[in-house]
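Have the structure open as you read.

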Amino acid sequence: MRQERVLDRHRRSSDAIRIALVVPLQGPAGIFGPSCESCAQLAAEEVNAADGVLGRPIEFVVVDGGAPPHAVADEVDLLITAGAVDAVIGWHISSVRKAVIPRIADRVPYVYTPLYEGGEHAPCVFLAGETPGRQLRPALGWFAEELGVRRWAIVGDDYVWPRRTAAAARRYLAQIDGIVSDEIFVALGTETYDDVLRRLCAATPQGVLMLLVGADAVAFNRAFADAGLHEACVRFSPLMDETMVLGSGAAATRGLFAAAGFFETLVTADSLDFSARYHRRFGPLAPVLNSMGESCYEGVRLLVELFNRAGSTDMRQIRESSDGLAYDSPRGPVRLRDRHLEQRVFLATVEGLQFDVLHRF
């Protein structure tokens, strides 16, 4: 019965190219959902206003990427098997990606938009986000050279992205005479960090590498500041956006740094133009523009470029024609290599409730 209800809701009514948009609507990452949907919608409207893709408009079928991974994979599989979607675009955690890939089984292209731990080579997946080698490695080097920070503790959610990123951090720090004094992993959805803070005090780090998602990072930032630890060490996260900063509050963001391919305060022609279009379309009450939402805009753009270059929605033709694809995006010039989008990465610190971009890697 559930399968019939899903399909009834999403049966084709036109010749549109239909895309499963998998974004979190619940859980710790649910705070990103509104901006992800809005940015994807903006991309679709711009594409459709320019005669669509291969002469066809694009439409979305929204799937809740904050549901349990097996449930997300079931729904995506059902939609593809029924011919209800031609592609998948998703901002969601890596555990969901790992569950979804085998169910796609190389039938349609899958654009995965977030930063992630690296190492994904499934033939159906195109990856638009930052990876540790381009984001974490140069950032740790910058902290060592500019601030003398070489002793780190790691606090992360307990799943594949934080675990593998922590392993990468250990390797990168070993190359610059740095160390990890403690690694602490908590369950997704953790709200209380008393035990974590006690371990951090005992570890005496100069910096804390945060590998926490969404609301978990917000709760940690508040607890960290309440304990006065922001007076003793910096925090750095490769997953920190404007939504999380606002949720944390200005009192909890002193000494907080982030690295990403996009910040709303990034002063480049591409980013300023994108921000203006976003706010013109959605107005003053729009969801906060952030790197997670922008990555969904990026995902739509990448998929459209893949379709156009292949001249088809066929998975084999897309894969064969994809390497070397290049275009200009809100992040600046980007290029696809080995199905990963190569892009610039920026380091920023938080001043009050805004990011101040310090450096381009």
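In which strand does Val234 lie? Val234 sits in strand S9 (residues 234-237); strands are DSSP E runs of at least two residues, numbered from the N terminus. A word on the source: this is a predicted model, where local features need pLDDT of at least 70, side-chain atom pairs count only at pLDDT 80 or more, and totals for chains, interfaces and linings use all residues. Residues are numbered from 1 along each chain as its sequence is written, and side-chain values use heavy atoms, with hydrogens and water left out.

Is Val234 buried or exposed? Val234 counts as buried because its relative accessibility is 15% (buried is under 20% relative accessible area, exposed over 50%, partly exposed in between, with a 1.4 Å probe and protein chains only).

Now for the neighbours. Contact here means heavy atoms within 4.5 Å, and residues up to four places away in sequence aren't counted for Val234 or for Phe236.

| Residue | Contacts include |
|---|---|
| Val234 | Phe143, Val149, Trp152, Val208, Phe257 |
| Phe236 | Leu136, Phe143, Trp152, Val208, Phe257 |

Phe236 also belongs to the largest nonpolar core, which has 129 residues; Leu200, Phe220, Phe236 and Leu302 touch the most other members. Such a core is a set of buried Ala, Val, Leu, Ile, Met, Phe, Trp, Tyr and Cys residues joined through side-chain atoms within 4.5 Å. Helix H11 (residues 291-310) supplies the largest share of this core, ten residues.

Out towards the solvent side, Leu353 is found in the loop between strand S14 (346-351) and strand S15 (354-360). Leu353 is partly exposed, as its relative accessible area is 39%.

Notes. Helices (H or I, at least four residues) and strands (E, at least two) are DSSP runs, numbered from the N terminus.
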